[in-house]
Amino acid sequence: MFYMAAPQAKGKSAGDNIFAANGRAVALAKEIGEENVVNATIGAILNDAGELVVLDVVKKAYEELTPFEWASYSPISGLPDYLNICMEECFGESRPEGYIRAVATPGGSGAIHHAIHNYTAPGDEVLVTDWHWGAYKTLIDDPKRVPGFYQLLTADGHFNKESLRTEVRRVLKKQNSVLVILNGIANNPTGYSLTDDEWKEAVDVLSEEVKGTEKKAILLPDVAYLDYSGERQASRRFFKCFGGLPQNVLVVIAYSLSKGFTLYGQRLGAMIGVTSDKDVAQEFADINQYASRATWSNCNTAAQNLMIHIYKDPAKAQELIEERLKYYRLIQDRAAIFMAEAKEVGLKVVPYVSGFFISIPVKESKKVSDFLEKKHVFLVPMEKGLRLAVCSVPTRKMKGIATKVAEAIKEAGIVQ
Ligand SMILES: Cc1ncc(COP(=O)(O)O)c(C=O)c1O
């Protein structure tokens, strides 16, 4: 083969097993009818009629934008009002103590990109949980960093702080700093959420491992699904434990409007830095603005102004909260149907608390999903199991899925 790509780009391509499984489901639905297929691959909220949910308050706010508000450039770091609202919206009543700065990014992905770019060096290992969103590996691999893994859960289904400690210690023996990504609230793909105490444990592990050394630790809480993780203020309480950090521990929150505002395709979010050191905060704002200039320049002005419109009107802000709650409940109801049936048929499931996805731990997940697809049920096969997107399966189709998964596992000759 003749290559034009530079050496570091040669041979790269991002295959996507989610879109592949979705493609098979859509093709079959065309053939045998929508009603006869369960497509649990799509990571966006679909209502019970199978349509993409776009929050009404968001739709209305879009219509109100003036041409200037949607067409003009915004500052590279983001509109100041937008950034302030992001911080308020992210933390709610639980703003941690410290210096806090925000920089606009195209979704949570942009925040993760910049954190890897600016807080690790080529060749560094970046730690992610064993159950993780597949794109992390691409985000880490592309700039020539290496993914390392710690276990999300203990055998009895709680946050595995000792695994985090072991891996942080191992990495810090060879590196001066460690970046730890933790999608610890309504986790993709499991729906596990750390308790407030478990978040504190994660922070404590990092603080203890760098204490009295020149080493540094950066924790990246990925809160992409925050708005579907439970009661608004209670689910944000864990942010408090990012207050009063040691100087050599930095928290970089990857905040996203994709799910919370149903603005997936508008590509907007923010990275929010929390530190006890004023200079580290200024450095955070400077280096990430610089990296934005060097990559995507500025972010979507329309979506920034849309958020400003909603928050400047308390009635709209309240409407947003209520609409989200409605969809949080819809997803919870769907999940409850699956979880109850899984229990009945003895199907093991990773502890689910909230969020778009449920995971079924199983070896040879592709083999199992092949059997499942013969029953017209489409889940995403991953390294450690199958991912079921409860966010996108109509409630009436939830019954029966757990039974079919248990059957497919049996037919594939696998013991869970
Ligand atoms: C765990 C997780 N983090 C971050 C993201 C980033 O999404 P976006 O870049 O659209 O904000 C996603 C999207 O699917 C996700 O699942």
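How far is a nitrogen atom of the ligand from an N or O atom in the side chain of Asp222? The gap is 2.5 Å, which puts the pair inside the limit for a polar contact (a pair of N or O atoms within 3.5 Å; within protein, one must be able to donate a hydrogen and the other to accept it, and residues adjacent in sequence count only if both atoms are side-chain atoms).

## Before we dig in

This is a predicted model, where local features need pLDDT of at least 70, side-chain atom pairs count only at pLDDT 80 or more, and totals for chains, interfaces and linings use all residues. Residues are numbered from 1 along each chain as its sequence is written, and side-chain values use heavy atoms, leaving out hydrogens and water.

## Around the ligand

Let's stay with the ligand. There are 14 residues around it (each with a heavy atom within 4 Å), and Gly108, Ser109, Asp222, Ser256 and Ser258 come nearest. Tyr225 has a polar side-chain atom 2.6 Å from a ligand oxygen, and an N or O atom in the side chain of Arg267 is 2.8 Å from an oxygen atom of the ligand. The protein covers 92% of the 390 Å² of accessible area that the ligand has on its own (Shrake-Rupley method, 1.4 Å probe).

## The nonpolar cores

A nonpolar core is a set of buried Ala, Val, Leu, Ile, Met, Phe, Trp, Tyr and Cys residues joined through side-chain atoms within 4.5 Å. Buried means under 20% relative accessible area, exposed over 50%, partly exposed in between (1.4 Å probe, protein chains only). The largest core here has 110 residues, and Ile272 and Phe338 are among those with the most contacts inside it. Its largest share, eight residues, comes from helix H11 (residues 314-345); helices are DSSP runs of H or I with at least four residues, strands are E runs of at least two, and both are numbered from the N terminus.

Apart from that core lies another one of 21 residues, including Ile112 and Leu139. In soluble globular proteins, nonpolar side chains tend to be buried together.

## Two buried spots

Asp130 sits in the loop between strand S3 (125-129) and helix H6 (135-141). Asp130 counts as buried because its relative accessibility is 18%. A polar atom of its side chain lies 2.9 Å from the backbone nitrogen of Leu152.

Now for Ile414, found in the segment after helix H13 (401-411). With a relative accessible area of 12%, Ile414 is buried too. Leaving out residues up to four places away in sequence, Ile414 touches (heavy atoms within 4.5 Å) Val362, Lys363, Glu364, Val368 and Ile409.
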